[in-house]
Amino acid sequence: MIWLIGLSAARETTVGRLLSERLRARASNLVFLDGDLLRDVWGDRLGHDVEGRRRNAHRISHLCRLLDAQGIHVVAAVLSLFPEWQQWNREQFSRYFEVFLDLPMEVLEARDPKGLYARARAGQEPNVVGIDIPFPRPAAADLTIAPPLALEAPERIVQHILDQLPDLAP
(Lines give C-alpha, C1' and ligand atoms only; values in the text may rest on other atoms or scores of the structure.)
Protein backbone atom coordinates (compact mmCIF):
# COMPACT_ATOMS: atom_id res chain seq x y z
CA MET A 1 0.00 0.00 0.00
CA ILE A 2 1.44 3.32 -1.08
CA TRP A 3 -0.51 6.19 0.42
CA LEU A 4 0.20 9.56 -1.25
CA ILE A 5 -0.90 12.50 0.88
CA GLY A 6 -1.14 16.08 -0.28
CA LEU A 7 -3.34 19.12 -0.33
CA SER A 8 -5.15 20.10 -3.50
CA ALA A 9 -2.62 21.03 -6.23
CA ALA A 10 0.22 19.06 -4.58
CA ARG A 11 0.00 16.76 -7.64
CA GLU A 12 -0.62 13.59 -5.66
CA THR A 13 -2.99 12.36 -8.39
CA THR A 14 -0.49 13.00 -11.18
CA VAL A 15 2.34 11.44 -9.19
CA GLY A 16 0.10 8.52 -8.20
CA ARG A 17 -0.87 7.74 -11.79
CA LEU A 18 2.73 7.86 -12.99
CA LEU A 19 3.91 5.80 -10.02
CA SER A 20 1.22 3.19 -10.72
CA GLU A 21 2.28 2.93 -14.36
CA ARG A 22 5.90 2.39 -13.38
CA LEU A 23 5.07 -0.10 -10.62
CA ARG A 24 2.92 -2.30 -12.87
CA ALA A 25 6.16 -3.57 -14.38
CA ARG A 26 6.95 -5.07 -10.95
CA ALA A 27 3.42 -6.00 -9.86
CA SER A 28 0.60 -6.43 -12.36
CA ASN A 29 -1.88 -6.86 -9.50
CA LEU A 30 -1.87 -3.13 -8.73
CA VAL A 31 -4.67 -0.58 -8.75
CA PHE A 32 -4.59 3.19 -8.54
CA LEU A 33 -7.21 4.86 -6.36
CA ASP A 34 -7.83 8.60 -6.30
CA GLY A 35 -9.82 10.16 -3.47
CA ASP A 36 -11.76 12.52 -5.75
CA LEU A 37 -12.67 9.78 -8.22
CA LEU A 38 -13.80 7.46 -5.45
CA ARG A 39 -16.27 10.12 -4.32
CA ASP A 40 -17.91 9.74 -7.75
CA VAL A 41 -17.83 5.93 -7.49
CA TRP A 42 -19.75 6.00 -4.20
CA GLY A 43 -22.45 7.96 -6.01
CA ASP A 44 -23.95 9.65 -2.99
CA ARG A 45 -21.99 12.90 -3.17
CA LEU A 46 -20.60 13.15 0.32
CA GLY A 47 -20.08 16.73 1.37
CA HIS A 48 -16.66 18.28 1.79
CA ASP A 49 -17.26 19.30 5.37
CA VAL A 50 -15.26 17.53 8.06
CA GLU A 51 -17.90 14.84 8.59
CA GLY A 52 -18.20 14.07 4.86
CA ARG A 53 -14.44 13.90 4.62
CA ARG A 54 -14.32 11.56 7.64
CA ARG A 55 -16.86 9.20 6.01
CA ASN A 56 -14.87 9.24 2.77
CA ALA A 57 -11.64 8.46 4.63
CA HIS A 58 -13.37 5.50 6.30
CA ARG A 59 -14.58 4.18 2.94
CA ILE A 60 -11.22 4.55 1.20
CA SER A 61 -9.28 2.89 4.01
CA HIS A 62 -11.71 -0.02 4.21
CA LEU A 63 -11.66 -0.51 0.45
CA CYS A 64 -7.86 -0.55 0.55
CA ARG A 65 -7.91 -3.11 3.37
CA LEU A 66 -10.20 -5.33 1.27
CA LEU A 67 -7.85 -5.10 -1.70
CA ASP A 68 -4.79 -5.67 0.50
CA ALA A 69 -6.37 -8.80 1.99
CA GLN A 70 -6.67 -10.19 -1.54
CA GLY A 71 -3.02 -9.49 -2.35
CA ILE A 72 -3.72 -6.50 -4.55
CA HIS A 73 -1.22 -3.66 -4.35
CA VAL A 74 -2.68 -0.16 -4.14
CA VAL A 75 -1.39 3.30 -4.86
CA ALA A 76 -3.85 5.71 -3.23
CA ALA A 77 -3.75 9.46 -3.86
CA VAL A 78 -5.71 11.14 -1.10
CA LEU A 79 -5.82 14.32 0.90
CA SER A 80 -5.77 12.20 4.07
CA LEU A 81 -6.89 14.73 6.61
CA PHE A 82 -7.21 12.43 9.61
CA PRO A 83 -4.15 11.18 11.53
CA GLU A 84 -6.26 8.46 13.15
CA TRP A 85 -6.97 6.95 9.71
CA GLN A 86 -3.30 7.11 8.77
CA GLN A 87 -2.55 5.18 11.96
CA TRP A 88 -5.39 2.73 11.28
CA ASN A 89 -3.93 2.11 7.80
CA ARG A 90 -0.52 1.44 9.30
CA GLU A 91 -2.03 -1.12 11.70
CA GLN A 92 -4.38 -2.81 9.22
CA PHE A 93 -2.48 -3.15 5.95
CA SER A 94 0.11 -5.83 5.36
CA ARG A 95 2.45 -3.12 4.05
CA TYR A 96 2.04 0.62 4.27
CA PHE A 97 4.32 3.28 2.81
CA GLU A 98 3.15 6.83 3.37
CA VAL A 99 4.43 9.63 1.13
CA PHE A 100 3.68 13.26 1.99
CA LEU A 101 3.92 15.78 -0.84
CA ASP A 102 4.67 18.83 1.26
CA LEU A 103 4.31 22.13 -0.57
CA PRO A 104 3.84 25.62 0.82
CA MET A 105 0.36 27.09 0.51
CA GLU A 106 1.74 29.86 -1.73
CA VAL A 107 2.79 27.24 -4.31
CA LEU A 108 -0.52 25.39 -4.08
CA GLU A 109 -2.51 28.59 -4.49
CA ALA A 110 -0.37 29.66 -7.45
CA ARG A 111 -1.05 26.31 -9.17
CA ASP A 112 -4.73 26.00 -8.18
CA PRO A 113 -5.82 24.13 -11.36
CA LYS A 114 -9.42 23.79 -10.15
CA GLY A 115 -9.67 27.37 -8.84
CA LEU A 116 -10.48 25.92 -5.44
CA TYR A 117 -8.24 28.17 -3.35
CA ALA A 118 -9.25 31.31 -5.27
CA ARG A 119 -12.92 30.54 -4.66
CA ALA A 120 -12.23 29.82 -0.98
CA ARG A 121 -10.35 33.11 -0.54
CA ALA A 122 -13.26 34.91 -2.21
CA GLY A 123 -15.73 33.30 0.20
CA GLN A 124 -17.37 31.30 -2.60
CA GLU A 125 -16.17 27.84 -1.60
CA PRO A 126 -16.57 26.58 1.97
CA ASN A 127 -14.75 23.66 3.61
CA VAL A 128 -11.45 23.95 1.78
CA VAL A 129 -8.66 22.11 3.55
CA GLY A 130 -5.70 24.39 4.15
CA ILE A 131 -7.90 27.50 4.11
CA ASP A 132 -10.82 27.01 6.51
CA ILE A 133 -10.28 23.38 7.52
CA PRO A 134 -6.92 22.83 9.21
CA PHE A 135 -4.58 20.28 7.64
CA PRO A 136 -2.56 18.32 10.20
CA ARG A 137 0.77 17.43 8.67
CA PRO A 138 1.31 13.66 8.64
CA ALA A 139 3.25 12.82 11.78
CA ALA A 140 4.79 9.56 10.62
CA ALA A 141 5.23 9.75 6.85
CA ASP A 142 7.76 7.23 5.56
CA LEU A 143 8.85 9.77 2.97
CA THR A 144 8.29 13.52 2.84
CA ILE A 145 8.87 15.25 -0.47
CA ALA A 146 9.31 18.97 0.03
CA PRO A 147 10.89 21.71 -2.07
CA PRO A 148 13.06 21.79 -4.00
CA LEU A 149 12.26 18.20 -5.10
CA ALA A 150 8.49 18.74 -4.71
CA LEU A 151 8.72 21.53 -7.29
CA GLU A 152 10.34 19.33 -9.93
CA ALA A 153 8.58 17.41 -12.71
CA PRO A 154 6.30 14.59 -11.54
CA GLU A 155 8.54 12.04 -13.28
CA ARG A 156 11.47 13.11 -11.07
CA ILE A 157 9.30 12.82 -7.94
CA VAL A 158 8.15 9.35 -9.00
CA GLN A 159 11.74 8.23 -9.51
CA HIS A 160 12.64 9.47 -6.03
CA ILE A 161 9.72 7.51 -4.54
CA LEU A 162 10.77 4.39 -6.44
CA ASP A 163 14.33 4.79 -5.16
CA GLN A 164 13.02 4.83 -1.57
CA LEU A 165 10.28 2.21 -1.91
CA PRO A 166 10.62 -1.20 -0.27
CA ASP A 167 10.18 -4.24 -2.52
CA LEU A 168 6.57 -5.03 -3.43
CA ALA A 169 6.91 -8.78 -3.05
CA PRO A 170 4.78 -10.25 -0.24
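1. Helix H1 passes helix H7 in a right-handed crossing, a term for the near helix being turned clockwise from the far one by less than a right angle. Helices here are DSSP runs (H or I, at least four residues), and strands are E runs of at least two, numbered from the N terminus.

2. The model is predicted: local features need pLDDT of at least 70, side-chain atom pairs count only at pLDDT 80 or more, and totals for chains, interfaces and linings use all residues. Residues are numbered from 1 along each chain as its sequence is written, and side-chain values use heavy atoms, without hydrogens and water.

3. H1 (residues 12-23) and H7 (residues 154-164) pack at about 55°, with axes 9 Å apart; H1 is therefore oblique to H7. Axes are lines fitted to C-alpha atoms over the stretch in contact, with angles from 0 to 180 degrees between N-to-C directions. Oblique covers what is left after under 35 degrees (roughly parallel), over 145 (roughly antiparallel) and 65 to 115 (roughly perpendicular).

4. Contact (heavy atoms within 4.5 Å) involves, among others, Leu18 and Arg22 of H1 and Ile157 and Leu162 of H7. By class, this contact has nine nonpolar, two polar and two charged residues. Ala, Val, Leu, Ile, Met, Phe, Trp, Tyr, Cys and Pro count as nonpolar, Asp, Glu, Lys and Arg as charged, and the others, Gly among them, as polar.
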